[in-house]
Amino acid sequence: MINTYQTSMPPPPIPPRLGSVMSAPGPGHSKPLLRFLIGMIVLQMVLLLGGFAYLYHTDNKYHEDLERKYLDDMIVLKRLEECEKDIQSVLDCKKLVEKYKSILAKVSQEEGRAAKLTGDGPSNGAMARMVVKQPVSAKYLEWNIGHSVRRNVQYYMSSWLKVLQPGDYNIYSQVAFSKWHPKTPLASRVKLRKGETGEEKDLMTAYCSLGDQDHTDVCTAFQGGVFSLEPDDQLSVWVTDPSLVNYEEGTTTFGLYKL
């Protein structure tokens with residue numbers, strides 16, 4: 001028997017498959033994410049500002065420490081200039097010279113540290129080529145530091161060179177005389193002493209002769225040799241009379257270099 005029953009009702013809907021329906025997020029779900037992003041941005045800004053403030057404070061402190069470290073040294077050097085102009089008393093100048101020695105020792109230590117860091121120093125050897133300047137009174141020749149060349153050799157009290165590295169050195173001096181002396185031979189001597197207070201001894205001696213006062217020529221006393229030196233050894237050039245020396249450029253010089 002055939003069922004001919006008809007109806008106008010639509011068929012029932014097909015049930016959805018499991019997991020196929022996604023619920024739309026509500027408006028409250030995005031607030032925590034937004035807060036998190038804002039928090040991260042604020043944190044980065046705080047860290048950046050803190051880093052800049054730290055670097056600024058550190059840089060200022062470094063410059064203040066540097067100024068405090070070298071301010072006293074600059075004052076000493078300024079007062080030494082006054083000593084040269086006879087503005088300071090003799091006693092004050094002696095104290096300043098002691099201060100100056102301590103400054104030189106400090107500079108020597110800094111140069112030593114720099115040499116270790118950069119690889120300079122002993123590998124580059126030691127040398128000096130000194131240009132003479134007209135001395136004031138003493139019988140030791142004085143040197144023009146601005147026109148002289150030195151490496152790993154210190155300059156002490158206008159006339160002396162201080163050795164820093166031990167070893168064998170070729171030492172030379174050339175002194176030109178343009179005036180004669182009526183009683184004493186024209187001579188130049190390379191002097192050596194151990195430290196600032198050590199006893200001086202003649203390392204080399206050279207003579208030259210102009211004949212008599214009617215001669216207007218120039219004679220040159222040249223000497224050179226190889227000697228073993230130790231740290232703190234000091235060298236200088238003594239002459240018969242500095243007023244008899246020819247100070248023209250290139251005529252009178254003194255130097256050494258490590259072999």
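Let's start with Ser-173, which sits in strand S6 (residues 167–177); helices (H or I, at least four residues) and strands (E, at least two) are DSSP runs, numbered from the N terminus. This is a predicted model, where local features need pLDDT of at least 70 and side-chain atom pairs count only at pLDDT 80 or more, while totals for chains, interfaces and linings use all residues. Residues are numbered from 1 along each chain as its sequence is written, and side-chain values use heavy atoms, with hydrogens and water left out.

Is Ser-173 buried or exposed? Its relative accessibility is 0%, so Ser-173 counts as buried (buried means under 20% relative accessible area, exposed over 50%, partly exposed in between, with a 1.4 Å probe and protein chains only). Leave aside the neighbours within four places in sequence, and Ser-173 is in contact with Ser-188, Val-190, Ala-221, Phe-222, Gln-223, Val-237, Thr-253 and Phe-254; contact here means heavy atoms within 4.5 Å.

S6 and S11 pair in the antiparallel sense over 6 bridges, where two strands pair if DSSP finds at least two bridges between them. In this pairing, Tyr-169 stands opposite Lys-258 in S11. S11 also pairs with S1, again antiparallel, over 5 bridges, and there Val-131 faces Thr-253 of S11.

Trp-143 and Phe-254 form a stacked pair, 5.6 Å centre to centre with 25° between the planes. The rule is that rings of Phe, Tyr and Trp (its six-membered ring) pair if their centres lie within 6.5 Å; planes under 30 degrees apart count as stacked, over 60 as edge-to-face and the rest as tilted. This pair links distant parts of the chain, with Trp-143 in strand S2 and Phe-254 in strand S11 (residues 253–258), 111 residues apart. Both Trp-143 and Phe-254 are buried.

By this rule the count comes to 2 aromatic pairs. The tilted one is Tyr-140 with Trp-160, at 5.6 Å centre to centre and 40° between the planes. Tyr-140 lies in the loop between strand S1 (127–133) and strand S2 (142–143) and Trp-160 in strand S5 (residues 160–163), so the pair ties together parts that are 20 residues apart in sequence. Tyr-140 counts as buried because its relative accessibility is 18%, and Trp-160 counts as buried at 5%. Trp-160 has a charged neighbour as well: Arg-193 lies over the ring face, 3.8 Å from the ring centre (the test wants NZ of Lys or CZ of Arg within 6 Å of the ring centre and within 35 degrees of the ring normal).

Now for the sheet around S5. 5 strands form an open sheet in the order S4-S5-S10-S7-S8, with antiparallel pairing. Its edge strands are S4 (153–156) and S8 (201–208), each pairing on one side only. Within the sheet, 7 bridges join the antiparallel strands S7 (residues 186–194) and S8, and Leu-192 stands opposite Lys-201 in S8.

Zooming out, the protein chain has 2 helices and 11 strands, running α-α-β-β-β-β-β-β-β-β-β-β-β from the N terminus on. UniProt places a "transmembrane region" (unreviewed entry) at residues 33–56; such annotations may be inferred rather than shown by experiment, feature names are shortened, and positions are given in the numbering used here. Over residues 33–56 the chain is 100% helix and 0% strand, with its end C-alpha atoms 35 Å apart.
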